[in-house]
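This report describes one protein model, its chain-to-chain contact and some of its residues. The structure comes first.

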Amino acid sequence: MTVILDYDMGNVCSIQNMLKKIGEKAIISRNPDIITNADKLILPGVGSYDMGMEQLKQFNLIEQIKIHAIDKQKPILGICLGMQLLGRRSEEGNKQGLSLIPFDVVKFNFDCINVEEKGLKIPHMGWDYTQNTFDDVLTDNLDERQRYYFVHSYYAMCDDTENSLMSCKYGYLFTAAVKKGRIYGVQFHPEKSHNFGMKLLQNFVQRV
Amino acid sequence: MYHRPRIIPLLLISNRDLVKTIKFANPRYIGDPINSVKIFNGKGVDELCVLNITASKENRTPDFEYLKDIAGEAFMPLSYGGGITDIEQIKKIFHMGYEKVVINTAFYSKPKLINEAARYAGSQSVVVSIDVKTDIFGKKRCFSTDGTIKTKLLPIEAALLAETLGAGELIVNSVNNDGAMCGYDIELIRSIAEAVSIPVTACGGAKDITDLKKVLTEGKAHAAAAGSMFVYYGRENAVLITVPSENDLIDSGFYRREGSQQ
């Protein structure tokens, strides 16, 4: 059973809709009894970093997530802000993140790149192609020209390249997906990326 | 030019019907909204924007039940506008699976709402829609409440105010060009795109890929939205949902091929 964590931060229903389309049962919940029994967790998130951590704390989810992902070594997938919260901290706020994967979240900065690309707007919003950095079950069998929907101003800067699962270019290359063991995070919105996102979510719920 | 600009079909809803207007008036029945969303979904469109054009005029709140049904069929980014007046409604809309809210009337009557929404969900989720009418002397002015109430703001003033309040995107709509399929008001779009640093989505007047391309290059828009172009077909404007394919867009040079400098 997959549980989509409900901490009042984001589009939980769209994730559930897509999982339903795949034929996977998913429950939207913040109930500890349900989370304890989850095979997989999805941590969604639309909003600001500090607000996200505050909400997780308010619903006592921080400990729950750590038990699931670290103690039980069960899979978790963070999406968008949910991915950013897997890191240590963010330039967007002051609160400490979940620190499950060694990365900091930083803001796009185009000061040091050539003039032609300086017209790039923040947030990075729209569809973009991604590349897999290495082979992994999450990204197995995806379209060669896979593309996803992004809306973000910040991205993960990994300490180690081995945690950077996918990359995307916006002005420069940035990490579009992170991974450590069975802890995954994607900066884009698979639940809003047609068949491309559907395949990735299918990999997560059926194969990870 | 952004290498893969968004093309956004704009779906106008009135009493659970999909309609299309001309100059914000004379709504013509097009079909069933949910069925249309399914078709757009099948065609893999970049994004959909659903606007209820009668909610604010008739002082009605969003039709949440129906919005939820629509969201259930949309596996692409989705935004909603129409009749939004408070933050609780906005939270509800995000929760249902919409990425963005589009605010027009409340932007003028209750500007603090933009700020509140941006603080709750981040700027990227808050879109202010700026509807502009050009009078016979060529003077441009912003209108609220589906183009029925004239405001005091000039387009650039409204755009800068929206950005200051925390909006993360603007939809700039030319009322004069709506449904006319005569091309975008390039001058209007460019003046705003150059004045603000947030993305501008152009709307009003698109007929074909050439128009879309022009507003993105000459008009400096970040994305191109259109209504008629996606629901009408042929000279007689028969109702047929059509969307340019990925290959058409690459062949026409609309999408810059990866790695090319064009």
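## Basis

This is a predicted model, in which local features need pLDDT of at least 70 and side-chain atom pairs count only at pLDDT 80 or more, while totals for chains, interfaces and linings use all residues. Residues are numbered from 1 along each chain as its sequence is written, chains are lettered from A and ligands numbered from 1 in the order in which they are written, and side-chain values use heavy atoms, with hydrogens and water left out.

## Interface of chains A and B

Chain A gives 32 residues to the contact and chain B gives 41, where contact means heavy atoms within 4.5 Å. The two chains bury about 3,100 Å² between them, and carbon and sulfur atoms account for 53% of it. Buried area is the accessible area (1.4 Å probe) that two parts lose on being put together, summed over both.

There are two salt bridges between chain A and chain B; a salt bridge is a side-chain nitrogen of Lys or Arg within 4 Å of a carboxyl oxygen of Asp or Glu. Lys192(A) and Glu99(B) form a salt bridge through their side chains, at 3.4 Å from N to O. On the side of chain A that touches chain B, the elements giving two or more residues are α1 (12-22), β7 (124-132) and β8 (147-152) of chain A. Helices (H or I, at least four residues) and strands (E, at least two) are DSSP runs, numbered from the N terminus.

Helix α1 of chain B spans residues 33-42, and its buried residues are Pro33(B), Ile34(B), Ser36(B), Val37(B), Phe40(B) and Asn41(B). Viewed down the axis of α1(B), these buried residues fall within an arc of 155°, so they line one face of the helix. The arc is that of the directions from the helix axis to the C-beta atoms. Buried means under 20% relative accessible area, exposed over 50%, and partly exposed in between (1.4 Å probe, protein chains only). Just after α1(B), Gly44(B) has a positive phi of about 65°.

In helix α3 of chain A (residues 49-58), Tyr49(A), Asp50(A), Gly52(A), Met53(A), Gln55(A) and Leu56(A) are buried. The buried residues of α3(A) pack against β3 (40-43), α4 (61-71), α5 (81-84), β5 (89-90) and β6 (103-107) of chain A.

Leu81(A), in helix α5 of chain A, is buried at a relative accessible area of 2%. Leaving out residues up to four places away in sequence, the residues that Leu81(A) touches include Tyr7(A), Met9(A), Tyr49(A) and Gly52(A).

Glu169(B) lies in strand β10 (residues 169-174) of chain B and is buried, with 2% relative accessibility. The side chain of Glu169(B) makes polar contacts with the side chains of Arg6(B) at 3.3 Å and Lys100(B) at 2.9 Å. Among the residues that Glu169(B) touches, not counting those up to four places away in sequence, is Met125(A).

## Salt bridges

Over all chains, the whole structure holds 26 salt bridges. One of them joins the side chains of Glu246(B) and Arg147(A), at 3.1 Å from N to O. This pair crosses between chains, from helix α10 (residues 246-251) of chain B to strand β8 of chain A. Glu246(B) is partly exposed at 23% relative accessible area, whereas Arg147(A) is buried at 8%.

Asp178(B) and Lys20(B) form a salt bridge with their closest N and O atoms 2.8 Å apart. Asp178(B) is in the loop between β10 and α7 (186-195) of chain B and Lys20(B) in strand β2 (residues 17-22) of chain B, so the pair ties together parts 158 residues apart in sequence. Asp178(B) is buried at 7% relative accessible area, and Lys20(B) is buried at 5%. In chain A, Arg88(A), Arg89(A), Asp104(A) and Asp159(A) are linked in a salt-bridge network.

How values were computed. Polar contact = N/O pair within 3.5 Å; in protein donor to acceptor, adjacent residues only side chain to side chain.
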